[in-house]
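Have the sequence and the 3D view ready, and follow along one stop at a time.

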Amino acid sequence: MELVGQVVLNATPDVIWAALFDPAVLQRCFPGCKSVERKSESEYAAVLQVKVGPLNAGFNGLITLTDPEYLSAVTLAGTLNGAGAGFAKGTARITLASRDLVTELSYNADLRLGGKLAAVGDRLFGTAVKRNIADFLAAFAAIVDERKEGAAPRAASL
């Protein structure tokens, strides 16, 4: 399943970049996320509770960040495994483009499913994934907007 989209964020690329690599931000943004822990500079472990149609299961995940181009692009590769519920594997290329006072975040993702997740069907899963991406981006936009606003007074006081 391929997913492509973009969102305009009211923040600079450096604020967005820092948020993309912050486990606390990621935990707040991923729907159903119980925890995100940085394992190394490029690996994160996550625990999520996922509901797709009749399937409601816990998943353990590993997210790896590769091919970083500072302040402009990074690739995320991840695997979610749920005991008896199946798995989801995917990659997503995220790019940032500064446009005046805002930044456009674009993504191109490819997901593969197995086990019970695959059994619920691409249409049902696709709808859930699109909803989760929209929820993630809304939460992420709110956080980077807060950080941008929070950064303004500090910069002015220097």
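## Charged pairs close in sequence

Glu37 has a relative accessible area of 45%, so it is partly exposed; the label covers values between the two cut-offs, with buried meaning under 20% relative accessible area and exposed over 50% (1.4 Å probe, protein chains only). Its salt-bridge partner is Lys39, and their closest N and O atoms lie 3.5 Å apart. Here a salt bridge means a side-chain nitrogen of Lys or Arg within 4 Å of a carboxyl oxygen of Asp or Glu. Lys39 is partly exposed too, at 49% relative accessibility.

This is a predicted model, in which local features need pLDDT of at least 70 and side-chain atom pairs count only at pLDDT 80 or more, while totals for chains, interfaces and linings use all residues. Residues are numbered from 1 along each chain as its sequence is written, and side-chain values use heavy atoms, with hydrogens and water left out.

Another pair to find is Arg112 and Asp110, a salt bridge whose closest N and O atoms are 3.1 Å apart. Arg112 counts as exposed because its relative accessibility is 53%. Asp110, with a relative accessible area of 28%, is partly exposed.

## A salt bridge across the chain

How many salt bridges does this rule give? The count comes to five. One of them brings together the side chains of Asp22 and Arg147, with 2.6 Å from N to O. These two residues are 125 residues apart and link distant parts of the chain: Asp22 sits in the loop between α1 and α2 (23-29), and Arg147 sits in helix α4 (residues 122-156). Helices (H or I, at least four residues) and strands (E, at least two) are DSSP runs, numbered from the N terminus. Arg147 is partly exposed, at 31% relative accessibility.

## The whole protein

Step back, and you can find four helices and seven strands. Along the sequence they follow the pattern β-α-α-β-β-β-β-β-β-α-α. The radius of gyration is 16 Å, close to the 15 Å from the globule rule for 158 residues, so the protein is as compact as a globular protein of that length. That radius is taken over C-alpha atoms, and the rule is 2.2 Å times the number of residues to the power 0.38.

The C-alpha trace spans about 55 × 25 × 25 Å along its principal axes. Of the 158 residues, 37% count as buried. A contact means heavy atoms within 4.5 Å; among contacts between residues at least 6 apart in sequence, 49% join residues at least 24 apart.

## The sheet

In which order do the seven strands lie? They form an open antiparallel sheet in the order β1-β7-β6-β5-β4-β3-β2. β1 and β2 (33-38) are at the edges with a single partner strand each, so one side of each has no neighbour in the sheet. From one strand to the next, the twist averages 20 degrees. Two strands pair if DSSP finds at least two bridges between them.

β3 then pairs with β4 in the antiparallel sense over ten bridges, with Val52 opposite Leu55. Their hairpin has two residues between the strands, and Gly53 takes a positive phi near 55 degrees.

Val7 stands opposite Leu105 in β7. Helix α1 (residues 13-20) packs on the sheet, touching β1, β4 (55-69), β5, β6 (86-99) and β7.

Leu9 belongs to strand β1 (residues 2-9). Is Leu9 buried or exposed? Leu9 is buried, because its relative accessible area is 1%. Beyond its neighbours within four places in sequence, Leu9 has contacts that include Ile16, Val102 and Phe140. The C-alpha atoms of Leu9 and Leu105 are separated by 7.1 Å, although the residues are 96 apart along the chain.

Thr75 lies in strand β5 (residues 73-82) and counts as buried at 14% relative accessibility. Leaving aside neighbours within four places in sequence, its contacts include Thr64, Asp67 and Ala92.

Methods:
Axes fitted to C-alpha atoms, helices over the stretch in contact; angles between N-to-C directions.
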